[in-house]
Amino acid sequence: MASFSTDYDVVIMGGAFSGAAAGMLLKREHPELRILIVERTVQFDRKVGESTSEVAGCFLTRVLHQGSHLSAFHYQKHGLRMWFCKTPHDDVADLTEIGPRYQSRLPTFQLDRAILDEHLLKEACDFGCELMRPATIKTITLSEDEAPHTLEIMPQEGQMRTVTTRWLIDASGKAAVLAKKLGCHRGMESEHPTSSIWCRFRNVNGLDSFKSRKMHPKLMENVYQLRTTATNHLMGHGWWCWIIPLSDGSYSAGVTWDRRFFTLPEGPSLLARLQAHLMTHPIGRLMFENAVPDADDTFYYKNLAYRSERIAGNRWVMVGDAAGFMDPLYSHGLDFAGYTVSAAADLVKRNLMGENTQEITDYLNNAYPRAWRLWFEALYKDKYSYMGDAELINATFLLDLSSYFLGPVRGVYVSPESEWKLMPYEGAAGAFFGRFMAFYNRRFVRLAEVRRRKGIYGRCNHGHVWMPHMSLSPDTTAARLLWAGIKMWIKTEISTWLAPTPATAPEPMMKEKPVEA
């Protein structure tokens, strides 16, 4: 290893999921490295989403090897379940439901991020990382040559400390410290103006409770797993709510909405507005009518989506949410954390071992924005316009899910040594799938516009139970689900265009709503 006169080989800004994971990957393979983790908070709070998808589940269990901790302190998640209604007063038995019939085959989890982040940070320290906590980084002086980077760090108790480091890893989360400092932070307010409010609730009536099943016997039909352990989504035009069970008996519930299509009910507080909105959906009313919120655990973000135009430079790299965030709908935030942490750890290790890593840096700066944009256009661009139509969402859910399993999920399970160092949907096949997904997403946006004009938007929001008849594996069997999704897509195209156009046009598909404070 090349020798430099520095206090540390690596300083990591942020000790939550991505920062702790980066420290673990570096330290367990190269225990001789001098790694400092600087964490601002005294204790971690919970994040926007506590749910993982299959790629993040793979990273947690097969890269970080956290299976025992996850089994002991977090819920096993069993898929994504979506509920649609036509009016707030609909009977639960009449709602259209989309979701799995059986338990999931691959490990995914309902996480209490405060517990998980503390555990991972402790493991990083047990591997030998040094921790300064609570402490704030006051200044960052990045070197443009071979000289070390310099940071001024103020601990909560004590005097300002100046440290030098060979490498700097930004795991500062949504603060995105380096991206903003370097002027490469890009918001998405015009293209994806999403906001979110969430809170923790107790005394929630679960969907599998005796009370729920006695009130609505149909909850005993069709599904052979526990609905409660899924991530339950309440769906509407321009918005969706998540309901996630946590291991301490509480529930995380929140709403995310696109401000072009929807505005929350008015109320005296953010919490009151969230509670009022939950009551507008039959499932929300069933579960939260007597729920008790933790008012001190209420959070709000006005603009969720952002990214950095580049994520690596002269011995610095961004990981996790410090590089970007897209949308919580499919719980893919930790997927990107897994990819960026793995790639960053590989970059840092190779450089500190004396390799010329400029090619890797150039790759990351090209691949990350490309993958972010591809994933955004494939999954989220204008998607909120058709979230309130169960028929359209069922088709896109089958297509999205099968493409995800055929691409990223299959990749990290079958070829982990190479896939974790790359960005998702890499290569010719990945680019093809990305373009295919972006194409059908645009088609569903168009179909939603036509359906609203013809007055048939949400026509299947009653009386349907759509459930894949197979649990997916990280292999090519997902192609059957892809074919089912294509057939459903064709069906929605035909039924939309054959429907008659009414004499009077309904409200326009997109209109500006007042932007709340």
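Select helix α14, residues 478-498, and colour its buried residues (under 20% relative accessible area with a 1.4 Å probe, protein chains only; exposed is over 50%, partly exposed in between): Ala 478, Leu 481, Leu 482, Gly 485, Met 488, Trp 489, Thr 492, Glu 493, Ser 495 and Thr 496. Helices here are DSSP runs of H or I with at least four residues, numbered from the N terminus. An α-helix has 3.6 residues a turn, so residues three or four places apart point the same way.

This is a predicted model, in which local features need pLDDT of at least 70 and side-chain atom pairs pLDDT 80 or more, while totals for chains, interfaces and linings use all residues. Residues are numbered from 1 along each chain as its sequence is written, and side-chain values use heavy atoms, without hydrogens or water.

Next, show α11 (390-414) and α13 (427-454), which are among what covers the buried residues of α14.

Stay on Trp 489: ring pairs (centres within 6.5 Å; planes under 30 degrees apart are stacked, over 60 edge-to-face, the rest tilted) link Trp 489 with Tyr 386, Phe 436, Phe 439, Tyr 440 and Phe 444 in a cluster.

The structure holds 24 aromatic pairs. For one of them, select Phe 17 and Phe 59: the ring centres are 6.1 Å apart and the planes at 50°, so the pair is tilted. Phe 17 is in helix α1 (residues 17-29) and Phe 59 in helix α2 (residues 54-63), so the pair ties together parts 42 residues apart in sequence. Both Phe 17 and Phe 59 are buried.

Last, select Lys 174 and Phe 325: the charged end of Lys 174 sits over the ring, 3.6 Å from its centre (NZ of Lys or CZ of Arg within 6 Å of the ring centre and within 35 degrees of the ring normal). At Phe 44, Arg 133 lies over the face, 4.5 Å from the ring centre.

Notes
Phe/Tyr/Trp six-rings, centres within 6.5 Å; stacked < 30°, edge-to-face > 60°. Helix = DSSP H or I, 4+ residues; strand = E, 2+ residues; numbered from the N terminus. Expected span 1.5 Å × (residues − 1). Contact = heavy atoms within 4.5 Å.
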